[in-house]
Amino acid sequence: MNVNQHTPMASPYSQPQPGYGQPSFSPLDGGYPAQYAPYNGPALAYQPGVPPQGYSPFTSFPSKAVAANPVSDLSSPLDLGPPRGPPTSGPPPVSASQQYNQYTHSPGDMQNGPPPMTQAPSRPPVSQPYNQGVMNMSGQQPSYSQHYGPPSSMQQVTNQMTGMHITSGPPTPAGPGYAQPHSSQLPISTAYSATPQPSYTQAPPPVSSASTQPPLPSGPAAPQQYYGGPPPPSQQPFNSSLPPTSQQQFTSSLPPPPSQQTFPPSSYSGPVHPSSQAPSPPVSQSQQSFPPPQPPFSSAPPPVSQPSFTTGPPPPSQGSFPSQAPPPSSQPGSFPPPGPPPTSAASGQYLGPMPPQQQQPHPSQPSPYHSGPPLPRAQMPPTSMAQSNHLPSGPQGPPGPPGPLQQPPPQPGMQTGYPPQQNGAFGQVRSPQPGYPGPYPGQPNYGAPAPAPAPAPPAQKRLDPDAIPSPIQVIEDDKAKTNEPFTTGVRGQAPPLVTTNFQVKDQGNASPRFIRCTAYNIPCTSDMAKQSQVPLAAIIKPLATLPPDETPPYLVDHGESGPIRCNRCKAYMCPYMQFIEGGRRFLCGFCSCVTEVPPHYFQHLDHTGKRVDCYDRPELSLGSYEFLATVDYCKNNKLPQPPAFIFLIDVSYNAVKSGMVSIVCQELKSLLDHLPRENPEIESVVRVGFVTYNKVLHFYNVKSSLAQPQMLVVSDVSDMFVPLLDGFLVNVNESRQVIESLLDQIPEMFADTRETETVFGPVIQAGLEALKAADCAGKLFVFHTSLPIAEAPGKLKNREDKKLIGTDKEKSLFQPQAGFYNSLAKECVAQGCCVDLFLFPNQYVDVATLGVVPVSTGGSVYKYTYFQAQSDQERFLNDLRRDVEKQVGFDAVMRVRTSTGIRATDFFGSFYMSNTTDVELAGLDCDKAITVEFKHDDKLSEETGALMQCAVLYTSCSGLRRLRIHNMAVNCCSQLADLYRNCETDTIINFFSKYAFRGVLNNPTKAVRDTLVNQCAQILACYRKNCSSPSSAGQLILPECMKLLPVYLNCVLKSDVLLPGADVSLDDRAYLRQLISCMDVAETHIFFYPRLLPLMKLESGSLPVAVRDSEERLSKGGVYLLETGLHLFLWVGASVQQELLLNIFGTPSFSQIDSNMTSLPVLDNPFSQRLREIVDSFRAQRSRYMKLMVVKQEDRAELIFKHFLVEDKSASGGASYVDFLCHMHKEIRQLLS
């Protein structure tokens, strides 16, 4: 896992915030009023000597950004100021091409910085205020007592610096708002724009520093401040009274007053780096003023007497800075270079950063928040539009050179100066700490007294994380507005988010639990689809389990002749068929062919043209239902046999020693009573068989007439056959005593084994041959421990080679070693043999190859690395129970039909395809999702919309052939704004992740990441160009329903598959790649953006509101539960109150908490009961059992936990959310210019 997530600074709030825009400045009296200060990260966790892997001080961007109050109506403008380099954090320490170090800086901007050194830099204290200040370019550079960071060549550094140049553009009067939308309409765009924020709401930056950002070590060269700006005013959101998503575009133009700008001597004496200094792009604001100049970094609160708002132009000290050259495109890095634009851009090419437009002063302008053109959107009322869309804008100062992000100045009524905040050491005032690196641009300043502050050029502020779109805010808003059941009768209506609990009423379209679409309003033409680049796809989960309050699909029997279908396209009878000629014929909604209605199905029509029995027949009134299939739908035209389950257990030395063999045998005794069945009253018809193996295979005869089981050994593994027919597959109840005797004997029989080698291919062949002999479909449960190196078909060699990571040959590591398993998978699919693989590896086992058969047959891979009976048994047994008991169909074929104009062109998931239309699944369970991409092959019409029908033919676990049908109708639109109003970001991310994870099989991971960034930029640039109201280029404007696209996309880009940390194994990456390929939208959502719940107060009946995934949201006095869909972490702050520790752990002391515990103690108090209920409910929602890990603050395990704080920088070089948003903004501006 890439663990050292870098989190810059304490949250400005006293309590961890759930991501709302509450006022976010600290109180005037100087401390946090609340009992828990925000957790800023261990104050001293990183000492210079032991830098976390993967960080290099150079190239890191400040990791916080200017306050841009997110605004949101259909779109959210964010003023990000001039383009800034893409986020970066240094390359992982591989020799491969460096990952994220794409931000180049120009030579003149070079810091006289720290001399190169070979070890990784130490990570800056989390507690320093990160503000992106500019360095004082003229002061003397303090000498470095220690250097940190990998050696970086001058060229590298130079390159790095150039990336940040921003050309300043002519001032444009973008400030005054556009006409404000009537409040009754929903604007469609939220503009985020940041403005300089004068007062320090955070602590004043450390004195020692030139800029106030502590270096974020991590890349090859330290970028100069990307957003220069006043010292870090804390992340105070602009106008803290507005929720962050209200529609605001800030375009201000007041450069920060000089008072903000004094910085201590900085690391360089060269020309000032313009990008770092230029004041930020205009941001219109309500009247604001700046506090009088304060001493540069005093840690005392700024004088209170400052006028709250001066309205004059900013002080002249902000003069213009030299404009900058366009960034070179040669930078290394994982984002496309800021140079020449990708040529595929639909809506314009990037040609280099666009100068942010400065605003002219407008003393009496109307609203700073320009909302995009108001577009009604049914279910997304803008959040808090009323107040936020129309704020008077204050006088603007003269345009200064554009600067990258800035924070908005305080709103009227806000205090201007805030006392310094406490830093990570909780309770100390945030003044420079000895022993920590200086501000951002990289002066180590370890332990040396800080040089006296010297006046410095104005610095720029970073974007405030609270001002950019918050996933938590969006999730909570959706929950708040979903209070009645979602009815599926309205075509093209987007459902509530996957994070919202809601009930579905099927009224003619499939429930979102079965099908979710990326867009519910699809473009009428392929040109429009190409222009927008929004993927048109559906994520289909055909056998999804429904909550108890929803009716499962009805079973319809159309008699011996089988289901009624269209003669031409073979679509099944559904609500989109139109009956004509008095009910004697029907017109197909898919291909418009007219088909005769069979006499037995005839029914009269009412006055509206509907059949009078319409509501009595599920296939005429519902979106999802099942047909009983006739013998014509069966293989070889004969009804299927009931399926069989075969358990194949590795009994080599490792398997026996780890305890796996005895655990499996013990569990199977009780598990065999829970085999799947459709009717709980009736016993399961599934038959079972048992095999054990190491280098040879042992088959067991467990016929009910035997007193003891018999073992038959097959040692010729090169030509596998099943040595017995009768007595291998048996009914559990008939043979129960023999089976139990066998399961008791297996662990004893192999207790003293010395055999370490295993085979794997012949094991699957054995199960396949047994199913063939019994002429039935079924499932193999294989429990395997090691790389199969014994002589046999499918023998593998260890090809783990970390040197290939990051190179063009890396893709070979994701491809199977041998063609053997591909052809074996094909045979399994033909027989209906699904394989579920349970791996217990202690070293490399080549999951990429072993997983081929499970993935191709619709099976699953479960992986328990370094399996230990004591700590992993609970997770393994829960997974095994669920895997055996869950509803599953066998020998399945899925086909997706569409109405004229679009067609299914691509499929993602765990299946096999022998032609271009049929998705074949030897097994299909209730957790598997298949993603289908659609392309236009003709024009669509707005009147008819577009239809899709997913039909799955399968054998149920009781041996009956069924057809499950899901129908979906979506709207078509000829206006791009309608498309952007009805998209679903979570589904788009699910599609992008599967697209990218399949892409790594044939492309370098860097190319895959670049493709994703480029497509996302094109989607947002097209919106900006065609749907939002005109506004300054310094604003990032996002569609309301896609405002989380950047944060979620960044999570995909930073995932272990695409950007692995040094400690992520190849097997883990292959495992995750396979796992995500068949996840549904809810699972990918929690996987990429984990849920972080504060547990300080628990109420029965409701969950606490989650907080954002960032270290600065953690409070040292708090306890948090983090859920990723695969893991649960309980993070315990170092200063949690005794009462809370007693309630949860039964111990009053932090030091006594056992960090090895995997389950919470059962204590008799309401808090403990409620917490355990929450953990159980989280586990019940997921398809895999999540093991609980207790993480104490500043413990070693905290690195793993921080890996999942996805809004922060990642140890492997992944950008923070703020940095990535700025990078996306730059990409969009390049496309638009």
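Trainee: What makes β15 and β16 paired strands?

Mentor: Three bridges join β15 (residues 687–693) to β16 (residues 697–701), and the two run antiparallel. Two strands pair if DSSP finds at least two bridges between them. Three bridges meet that rule, so β15 and β16 pair. Strands here are DSSP runs (E, at least two residues), numbered from the N terminus. This is a predicted model: local features need pLDDT of at least 70, side-chain atom pairs count only at pLDDT 80 or more, and totals for chains, interfaces and linings use all residues. Residues are numbered from 1 along each chain as its sequence is written, and side-chain values use heavy atoms, without hydrogens and water.

Trainee: Which residue stands opposite His698 in β16?

Mentor: Thr692 does.

Trainee: Why are β17 and β20 called edge strands?

Mentor: The open sheet has seven strands, in the order β17-β16-β15-β14-β18-β19-β20, with mixed pairing. β17 (710–714) and β20 each pair on one side only, so they are the edge strands.

Trainee: What makes α9 a helix that packs on the sheet?

Mentor: Helix α9 (residues 736–749) touches β15, β16 and β17. Contact means heavy atoms within 4.5 Å. The direction of α9 makes about 15° with that of β15. Angles run from 0 to 180 degrees between N-to-C directions, on axes fitted to C-alpha atoms, for helices over the stretch in contact.

Trainee: What is the make-up of the lining of the largest cavity?

Mentor: The lining residues divide into 11 nonpolar, seven polar and six charged. Ala, Val, Leu, Ile, Met, Phe, Trp, Tyr, Cys and Pro count as nonpolar, Asp, Glu, Lys and Arg as charged, and the others, Gly among them, as polar.

Definitions and conventions: Helices (H or I, at least four residues) and strands (E, at least two) are DSSP runs, numbered from the N terminus.
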